[in-house]
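Welcome! Please take a look at the sequence and the structure below, and then walk through the briefing that follows.

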2 protein chains.
Amino acid sequence: MSEQQPDPRPIGIFDSGVGGLTVLQALCRRLPAESFIYLGDTARLPYGSKSAATVQRYALNAAGTLVAQDVKLLVVACNTASAQALPQLVDALPLPVLGVVEPGVRAALATGAHRVGIIGTEGTIRSGAYQANLVRLAPKVSVQAVACPLFVPLAEEGWWDHPVTDAVARHYLQPLLDWGVEAIILACTHYPLLLPSLSRVAGPGVKLVDSASAVADAVVARHSRLLRRTLGKGSVRLQLSDASASFLRVAAAILGSPSSSVELVDIEQAPRPPLLTTVAGRASSLRQESHET
Amino acid sequence: MSEQQPDPRPIGIFDSGVGGLTVLQALCRRLPAESFIYLGDTARLPYGSKSAATVQRYALNAAGTLVAQDVKLLVVACNTASAQALPQLVDALPLPVLGVVEPGVRAALATGAHRVGIIGTEGTIRSGAYQANLVRLAPKVSVQAVACPLFVPLAEEGWWDHPVTDAVARHYLQPLLDWGVEAIILACTHYPLLLPSLSRVAGPGVKLVDSASAVADAVVARHSRLLRRTLGKGSVRLQLSDASASFLRVAAAILGSPSSSVELVDIEQAPRPPLLTTVAGRASSLRQESHET
């Protein structure tokens, strides 16, 4: 098995918008030879305030758009979609699917904290997915979760280090601080952008856990067989369902350089149901692979 | 013509979410015998941060969903859709279509202000629709426009009278106040919810113009022929494209009573293009009417 060729196909990543680029960046650093297709569903963002049924439909739609482009692995870089749609995606797709919830929980537990706070969108917190993973992996750890609906708009507005963001953070985090929280999971891929304000409000005694690098670690640990081992330089394609001016601004800040180009994709016009054809296509190519190896 | 029967069909109103309910409320007050169908496209909100092409597609989609329910008149109670998609809707639909832009501009001019500020979403401000209407109707009036992306999330979060909202309002409004603004058009149907904070920050010398009642006046002035003249009590149907917990909370606050029921509609599953069939259906019924009268 160790002699086999690495799979040359790209890794697919999706998020409702720009936040998942923090995960893309972590993956690019860990896997510089890989190629990535990043899809931001900017036409329908945010996911965090919408119902589980709608988030599941959108997630299957976005995943189908990437599967149709023959990705070898799917990273759900959106906490809301990971929390509310991961079982549906795993069931529907004939390829490995990784979410951000479990890696984030493991990273929080690795800090040694006994009182763990979770901050995320309404959808993520309401789903209970983080709470359930924490209880499963560390039954003795105490958990408190707080929905922070204004953090995504503040991050999108670029108020990453701003007195208003400090005031909003104090409002949301004070109950966790009063409780004696030791580590807080940033259960939304937008939140690392707000770290200047969040660190100031949380203070030095509280660890702020960003799941982006934990997700990259999980990809390497679980799917090394699929990954490129060459030293070559991979590529990044950015795809959006809506042309978004703020995306490019925030993308440049996260990725550290202006994005070369962004493609517009029509997620809604994808064949309905989009997965039927793509699943069949992938299933047959998977069978071929297993014959060849 | 004055002897003719009033048209018994409902009036259709749509917005991306909950904000347009301020327009619905004004219409209900002016036209208590009318029936209304209000559609909130909560599955795809907000419109304000999205591109003109996407807003036009969504607006045609939402309008098509209402036209398929045989509404007699369409009120676009969303500033972003009014600013970016009204010509497309007027062209595509065989029924009267009213937006909120021109009524809001007329209401601002009625205050006698010579320096008029416009606050709205990024999409509304970027479209230039308010600015163009002001220049057309009152070439000597000076105009300044400011996009305020955080106001909708603050309104949705319910922070209508809150120190953080005050701070955000100061940030957005200070350039207008420094300029000597005399009237500010609330060019987003969410913003009237924030009036406690906005009034405090703007001060007593600045008139804050809410277009909701101006829209109701425009409906009565331009389409009295279509309206019910009876004294009976009309009905309100609320339809959403996504089940939204925050919608019901905000709806109760705007309408002054808990909404009896909300229907879920599948806007995306509407036939594509949704207008072809509905337009044909309406066109034939319009022809029948003209034979009858």
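## A buried alanine to start with

A:Ala81 counts as buried because it has 30 C-beta neighbours inside 10 Å. (A residue is buried if 20 or more other C-beta atoms lie within 10 Å of its own, exposed if 12 or fewer, and partly exposed in between, with C-beta atoms placed from the backbone.) Keep in mind that this is a predicted model, where local features need pLDDT of at least 70, side-chain atom pairs count only at pLDDT 80 or more, and totals for chains, interfaces and linings use all residues. Residues are numbered from 1 along each chain as its sequence is written, while chains are lettered from A and ligands numbered from 1 in the order in which they are written.

**Around A:Ala81**

- You will find A:Ala81 in helix 3 (residues 79-92) of chain A; helices (H or I, at least four residues) and strands (E, at least two) are DSSP runs, numbered from the N terminus.
- Leaving aside neighbours within four places in sequence, A:Ala81 is in contact with A:Tyr47, A:Val55, A:Ala59 and A:Val76, where contact means that the C-beta atoms of two residues, placed from the backbone, lie within 7 Å.
- A:Ser16 is 65 residues from A:Ala81 in sequence, yet their C-alpha atoms are 8.4 Å apart in space.

**Chain A as a whole**

- Chain A contains 12 helices and 10 strands.
- Of its 293 residues, 52% are buried.
- Take the contacts in chain A between residues at least 6 apart in sequence: 79% of them join residues at least 24 apart.

**Helix 10 of chain A**

- How far apart are the end C-alpha atoms of helix 10 (residues 211-223) of chain A? They are 18 Å apart, which agrees with the 18 Å that its 13 residues should span at 1.5 Å a residue; the expected span is 1.5 Å times one less than the number of residues.
- The buried residues of this helix are A:Ser211, A:Ala212, A:Ala214, A:Val215, A:Ala216, A:Ala218 and A:Val219.
- Those buried residues pack against helix 1 (21-30), strand 3 (73-76), strand 4 (97-98), helix 4 (101-110) and strand 8 (207-210) of chain A.

**The sheet in chain B**

- Chain B has an open sheet of six strands in the order 4-3-1-2-9-10, with parallel pairing; two strands pair if DSSP finds at least two bridges between them.
- At the edges are strand 4 (97-98) and strand 10 (262-264) of chain B, each pairing on one side only.
- Strand 1 (residues 11-15) and strand 3 (residues 73-76) of chain B pair in the parallel sense over four bridges, and B:Ile11 has B:Leu73 as its bridge partner in strand 3.

**How the two chains meet**

- Chain A can be laid on chain B with an RMSD of 0.0 Å by a turn of 180 degrees and a shift of 0.0 Å along the axis, the copies being superposed by least squares on the C-alpha atoms of residues with pLDDT of at least 70 in both.
- That is the relation of a two-fold axis.
- In chain A, the C-alpha nearest the axis belongs to A:Arg44, 2.4 Å from it.
- The contact takes 18 residues from chain A and 18 residues from chain B.
- On the side of chain A that touches chain B, helix 7 (151-157) and helix 8 (163-179) of chain A are the elements that give two or more residues.
- The largest share of that side, four residues, comes from helix 8 of chain A.
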